[in-house]
Amino acid sequence: MAGDNGHGGSTVRGLAALPSGGLASGALDNVVRVWRDPPGGGNEHQAVRELRGHDSEGLRASPGIMAVCCIPGSGDGGATTLVSAGRDGKVVVWGPAEAATSGMAPLRVLRGHGMDEPNVTNASNVSCLAAL
C-alpha cells in the first residue's frame, strides 16, 4: 500500500483481526484504529474508529502502542473486546469493537508495569498480548 498507513506514517506495532472481518491496528502515534473491510471486496480498508487511552506524559522514551489483541465474544452480549498495550506501561481494555459510537472509552486500564514510576525507561513496556 503506497502512502499513508492510516496512522500518519507512524510505525504500526500491533495488528489484530476482528471476527467481523475488520482489523484493529495500534501504532507509535498512541492510537488504536478499528478498520472495516472495504465494500465490494476492494483493497482500501476504512478507519471507522480511533481509540485513545494511552499517553506519553512523563515518559522518558518515545510513546506508542506495542500490541493489540482481539478477544471475540468476551464483551456485553458476546461482542468483541479489544486490548492494547503500550510504552506507557498500561494495558487498556476497550468496549465492543462493533459499538455504534465512534468515541469509545476504555472499560479498564491495567497499570503496574513500571511506567507509572518516575524515571523508568521503556524497558518495562508491555509488548505482547495473547487471548486465552
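**Salt bridges and nonpolar cores: group meeting talk**

Let me start with Arg52, which is exposed at a relative accessible area of 53%. Exposed means over 50% relative accessible area, buried means under 20%, and partly exposed lies in between, with a 1.4 Å probe and protein chains only.

A word on the source. This is a predicted model, where local features need pLDDT of at least 70, side-chain atom pairs count only at pLDDT 80 or more, and totals for chains, interfaces and linings use all residues. Residues are numbered from 1 along each chain as its sequence is written, and side-chain values use heavy atoms, with hydrogens and water left out.

Now the charges. How many salt bridges does a search of the whole structure find? Four. The term stands for a side-chain nitrogen of Lys or Arg within 4 Å of a carboxyl oxygen of Asp or Glu.

Back to Arg52. Its side chain meets that of Glu50 in a salt bridge, 2.7 Å from N to O. Glu50 is partly exposed, at 35% relative accessibility.

Glu50 also forms a salt bridge with Arg33; here the closest N and O atoms are 3.1 Å apart. This pair links distant parts of the chain: Glu50 sits in strand β4 (residues 46-51), Arg33 in strand β3 (residues 32-36), and the two are 17 residues apart. Strands are DSSP runs of E, at least two residues, numbered from the N terminus. Arg33 is buried, with a relative accessible area of 8%.

Next pair: Asp88 and Lys90. Their side chains form a salt bridge at 3.9 Å, N to O. Buried or exposed? Asp88 is buried, at a relative accessible area of 5%. Lys90 counts as buried too, at 6% relative accessibility.

Which residues form a network? Salt bridges that share partners join Asp29, Arg33, Glu50 and Arg52 into one.

On to the nonpolar side. A nonpolar core is a set of buried Ala, Val, Leu, Ile, Met, Phe, Trp, Tyr and Cys residues joined through side-chain atoms within 4.5 Å. The largest one has 12 residues, among them Leu18, Val34, Ile65, Cys70 and Trp94. Strands β3, β5 (65-71) and β7 (91-96) each give two or more residues to this core. Which strand gives the largest share? That is β5, with three residues.

There is a second, separate core. This one has six residues, including Cys69, Val83, Ala85 and Val91.

Definitions and conventions: Helices (H or I, at least four residues) and strands (E, at least two) are DSSP runs, numbered from the N terminus.
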